Amino acid sequence: MAKAVLTFALYQGDSLLRRETVTQDIVKVGRDPKSHLQVEDELASRMHAVIEVAGPDDITLIDLGNEPGTLVNGANVNKCKLHVGDQIQVGGTLIVLERAEAAGAEVAAPVAAAAAVSSNPFAASAAAVAPPAFGAAAASNPFAAAGASNPFAAAGASNPFAGAASSPFASAASHAVPDDAPPGTYTYTMLKSGPDVPPDEVESNAPAVEVMVLWDTNVLHVSHLAPPRNFYVGEEEGKNFSCDFFVPSEKLGTTRMPVVIGDAASVAVVIPPGATGHVEIAGQPRMSLDQARAQAQPCSELSGAHQLPLPNGAKARVELNGFVFQVAAVNAGKPIKKGLAAGMDWTVAMYFGLSFLSFGGLIAAMAYFVPPMGLTDEGEIDKDRLLLIQQYLNAAAEREQEEKTEDVVSENADNKEGGTGTRAKGEEGSMGKETSKATNKRYAVQGPKDNPDPHLARQAALREARDFGMIGLLNAGAAGDPNAPTAPWGRDTSSGMDDVSARGNMWGDEIGDAFGAGGLGLSGIGEGGGGRGEGIGLGNIGTLGHGAGTGSGQGFGAGHGRLGGSHKTKAPSVRMGATTVNGRLPPEVIQRIVRQNFGRFRMCYEQGLSRNPNLEGRVGVRFVIGRDGAVSTAGNGGSDLPDTGVVSCVVSAFYGLSFPQPEGGIVTVVYPIMFSPG
């Protein structure tokens, strides 16, 4: 029960902050939110001062020694009595004691009146409920004589309802708290609402000590020492020692007092001189501290004190000048799990984990078993369109194969158009005779048709025949035909493959002399052809010829006529090169399947031709055929086509090809494709 009810007013400057009514016997003042009088001031300490209440007229303020101290009515104090109207200064906050009244004075009369009320409502009505008819007929009642021996007569006097004054409801009514009861006239009690928690769930087998510091009934401090160690209270602080809880020396009689002395092996409670209380040890009756001193040993850390060993489960209560120290030897509590998974429900985590694994496995299976689609959109078109596309690709591959066969036949023919000569040495000069007025005549050197070594005569030999008479003529006849072209680097004689000799142009419709500069080329006024060879023509082999090819005709190609006529359009050419296969799959099968899909590669090439009409070159693709016959990887296997977009398009198109399943593993293929414009 509270001893007094105090009302304080808190001011900050001239402004009233709030009013607080407290009923505690020990009022804690400080910045701590748990303080009874919380002072929200930066200069206030967490526990700045305490107010000890013994009654309305016995109120004591104790400063706990923190800076900047405590002022009462303007004077700095350590300990002083308080009266109504006193002003307490803590930092910049002013606390005024406005009222101090005895606790329970206002509710004494109501409680007394409640106690005077009869607790049995049936008692008053019991006497008044007897009907008068029964009273009037009592004298003539034939059973009146027997009333003395009526067993119910005695029982009527001992009516059980008459003794209902001890009704539990009446007792509860006398302890009811009015709604307007002031603070301090009642207390709160925790009621047990469930079974005890098993010790195994919250405790371990390690020893520990619980120390609780109280001021009367107010809990000031609680410590759980695991493993056990010494616990000190007081106000002395040093370099090598300190106090676990601050208690004024006026209350302890010393500046530093041990409460518990212990280690991992033993625990002992300290009994200071003048202290009261008791000790409870399992299996023994409760004994007072005076009885415990007879069994205890003197304490070396506090003069006049004793220390009593406490076995596991023992409790001690030590009361000293208003302070209460409760010590219990208990088992250490289990440490609280820390970390991200400390409060995790592993059942729920396992459920989610299994769910993720199931969905992950399903997605992985779908990704593994779906065949690669490459660059095609076949999954989005119907079967009819797919069949038409396949037929178109097959037809295009057949046309490509037919054109290639025709080219091979043409290359094997004997009547090729291009000549076999090379450009002659020296400066460029047009072929022909300076004095001739004819045109469109080609040169010729007389000789057999199957001449294996056509050549020209030296120009010097002809000059000697022209300048030195008969001997010169004989020499000139021996040197060669004077009507044939000559060259400074020629031989002594001239020999060709034509029926007659003539000094005409490089090309012409018929053999004969034609106007020219006397050279061996197409244009210019010099003698040579501007090249490096020792012949006539534009080819790269042989000595004499009329074109740039490898045949015996005149012109540039491998056809059957010379250059001229109308231009014939032709689709871009896509030709296969030498294929390299490493694996157990016939190269013919691979070539056939790739040729059937030449339409895809032509599409890539035509896109490049739209950017560069003269684009031509070779694209080499190196690809791997997997065990299932699909192309697993494809890359650039050596390309000289100067368009990276076309090369990338062709390489990617190979992913859509499908081959027979190879025997004995994978197959590595290098497939070159030559592209040329039409």
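1. R229 is partly exposed, at 36% relative accessibility; the term covers values between buried (under 20% relative accessible area) and exposed (over 50%), using a 1.4 Å probe and protein chains only. D244 is likewise partly exposed, with a relative accessible area of 30%. The side chains of D244 and R229 form a salt bridge at 3.2 Å, N to O; here this is a side-chain nitrogen of Lys or Arg within 4 Å of a carboxyl oxygen of Asp or Glu. The two residues are 15 apart and link distant parts of the chain: R229 sits in the loop between strand 13 (218-225) and strand 14 (231-234), D244 in the loop between strand 14 and strand 15 (245-246).

2. This is a predicted model, in which local features need pLDDT of at least 70 and side-chain atom pairs count only at pLDDT 80 or more, while totals for chains, interfaces and linings use all residues. Residues are numbered from 1 along each chain as its sequence is written, and side-chain values use heavy atoms, with hydrogens and water left out.

3. The whole structure holds 13 salt bridges. Among them is the one between the side chains of R99 and E101, at 2.4 Å, N to O. R99 is partly exposed at 41% relative accessibility, and E101 is partly exposed at 31%.

4. R584 and E663 also meet through their side chains in a salt bridge, at 3.6 Å, N to O. R584 lies in the loop between strand 31 (580-582) and helix 13 (587-596), E663 in the loop between helix 15 (644-653) and strand 34 (667-676); the pair, 79 residues apart, links distant parts of the chain. Both R584 and E663 are exposed.

5. Helices (H or I, at least four residues) and strands (E, at least two) are DSSP runs, numbered from the N terminus. The number of buried residues in helix 9 is 0, so the helix lies largely in the open.

6. An open, antiparallel sheet is made of 6 strands in the order 2-1-11-10-7-8; strands pair if DSSP finds at least two bridges between them. Strand 2 (15-22) and strand 8 (75-77) are the edges, each pairing on one side only. Strand 1 (residues 4-12) is joined to strand 2 by 7 bridges, running antiparallel. Y11 stands opposite L16 in strand 2.
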